[in-house]
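Hi,

Here is the structure I promised to pass on. Have a look at it first, and then read my notes below.

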Amino acid sequence: MNLINHKFELAARPVGLPKRSDWNYKQESVREPGDGELLVKILYISLDPAMRGWMNESKSYIPPVGIGETMRALALGRVLASQNANFAVGDHVYGPLGVQAFATTNGNGIIKVDPRLASLPLYLSVLGMPGMTAYFALLDVGRPRPGQTVVVSGAAGAVGSIVGQIAKIKGCRVVGIAGGAKKCQYIVKELGFDAAIDYKTESVVKALRTHCPTGIDVYFDNVGGGILDAALAQLARGARVVICGAISQYNNTTPIKGPSNYLSLLVNRASMTGFLVSDYAGRFAEAAREMAGWMAAGKLQSREDIVDGLDTFPETLLKLFTGENFGKLILKLPEA
Ligand SMILES: NC(=O)c1ccc[n+]([C@@H]2O[C@H](COP(=O)([O-])OP(=O)(O)OC[C@H]3O[C@@H](n4cnc5c(N)ncnc54)[C@H](OP(=O)(O)O)[C@@H]3O)[C@@H](O)[C@H]2O)c1
């Protein structure tokens, strides 16, 4: 085998927004898979806000990426060689394969996907981790009921856009918070949200009062910071606040800004619950089946933002934090 791998290894713990020098771009020969291993040619790499947290030293739900280790990422590829009875040459597989062109793995955490059932990028978006997050965090933690008001931040993104559409399927009134006129127009005109709030040009506090006159029953938080505080100020009695993420805080160089309006939980007998998608791994197939059905019925749309080239990784990742991505951000690698 005469293949050269290209990969990004973590070189330093970033301060604020990550920069190219926080990684080393390396080339090395690809080794033959050993007993129990498989070799994967990576085709698509999922770029996720969580990757910023994995670069920090601090304690979290998963150990940090070590300095000198290949940058962790979910990715999808094709098996080139296999010494593992569960995988055959030509299988398409998905899992934590890393920011690199080829991965050699023992198959732990790797699942097979079927390219005949859905196009490959969908396995990184609506049928993958972001879709599973939207489905279980909204339905299991948010527990929306028909007629209730659901508000979601990061509403035009990979998770938020699916949350809003599922809430519509469940008969809710849905208000999305997103940055910029294009994204706001998209969630209302194309995805069928009832209203959109452009947090970059409007007062979110005032707009929530206008669009949620009876209060917010479910607030699905992807961004944290001032937008979380604004939503807390407008809760309905018995509201559920789902803490899915806090992207506005991930690159802070000062301590994370917590909510100052938290006593609204007391006043409204409301709850605020943290969510982690991996807790639901045993039920992913069930969610994927239901969401594939909604897609086939034209009730659920997915949008991917696909960028070419492994070497663009450091700059492409930043799009998540500037809001330049429009849909699930994915890096595409050449076939050969
Ligand atoms: N808990 C879990 O298991 C789990 C799993 C997956 C994802 N998540 C979380 O879900 C959230 C969304 O992830 P995603 O993959 O769907 O990303 P995404 O929404 O597709 O992309 C990130 C978006 O965040 C918005 N954003 C960035 N900085 C912001 C700021 N300062 N204030 C407000 N909005 C900001 C931008 O949208 P605008 O242009 O609208 O500003 C950007 O497009 C993240 O917080 C992520 O960590 C959690």
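This is a predicted model: local features need pLDDT of at least 70, side-chain atom pairs count only at pLDDT 80 or more; totals for chains, interfaces and linings use all residues.

Residues are numbered from 1 along each chain as its sequence is written, and side-chain values use heavy atoms, with hydrogens and water left out.

Ala 181 counts as exposed because its relative accessibility is 60%.

Leu 318 belongs to helix H9, and it is partly exposed because its relative accessible area is 23%. Arg 52 is 266 residues apart from Leu 318 in sequence, yet the two are 9.6 Å apart in space, C-alpha to C-alpha. Leaving out residues up to four places away in sequence, Leu 318 touches Leu 17 and Pro 18, where contact means heavy atoms within 4.5 Å. The buried residues of H9 are Phe 313, Pro 314, Thr 316, Leu 317, Leu 320 and Phe 321. Their cover includes strands E1 (4-10), E2 (23-29), E14 (304-308) and E15 (328-332), as well as helix H1 (50-54). Just after H9 comes Gly 323, with a positive phi of about 80°.

Next, the inside of the protein. A nonpolar core is a set of buried Ala, Val, Leu, Ile, Met, Phe, Trp, Tyr and Cys residues joined through side-chain atoms within 4.5 Å. Which residues touch the most other members of the largest one? They are Leu 138, Ile 187, Phe 220, Phe 275 and Met 291, in a core of 50 residues. Among the elements that give two or more residues to this core are strand E3 (38-46), helix H3 (158-169) and helix H8 (284-296). Helix H2 gives the most, with 7 residues. Apart from this core lies another one, of 36 residues, including Leu 10 and Leu 320.

Of the 25 residues around the ligand, Gly 179, Lys 183, Tyr 199, Tyr 250 and Asn 325 come nearest; a residue is near a molecule if one of its heavy atoms lies within 4 Å of it. That shell divides into 16 nonpolar, 8 polar and 1 charged. For polar contacts, look for pairs of N or O atoms within 3.5 Å; within protein, one must be able to donate a hydrogen and the other to accept it, and residues adjacent in sequence count only if both atoms are side-chain atoms. Lys 183 has a polar side-chain atom 2.7 Å from an oxygen atom of the ligand. A backbone N or O atom of Asn 222 is 2.8 Å from a ligand oxygen atom, and one of Phe 275 is 2.9 Å from a ligand nitrogen atom.

A few loops are worth a look. Asp 91 is in the loop between strand E4 (75-82) and strand E5 (92-95), and it counts as buried because its relative accessibility is 17%. The side chain of Asp 91 reaches the backbone nitrogen of Ala 88 at 2.8 Å. Arg 143 is in the loop between H2 and E8, with phi near 45°, a positive value in a residue other than glycine. Arg 269, in the loop between helix H7 (263-267) and strand E13 (271-274), has a positive phi as well, near 50°.

Happy exploring!

Key: Buried means under 20% relative accessible area, exposed over 50%, partly exposed in between (1.4 Å probe, protein chains only). Helices (H or I, at least four residues) and strands (E, at least two) are DSSP runs, numbered from the N terminus. Ala, Val, Leu, Ile, Met, Phe, Trp, Tyr, Cys and Pro count as nonpolar, Asp, Glu, Lys and Arg as charged, and the others, Gly among them, as polar.
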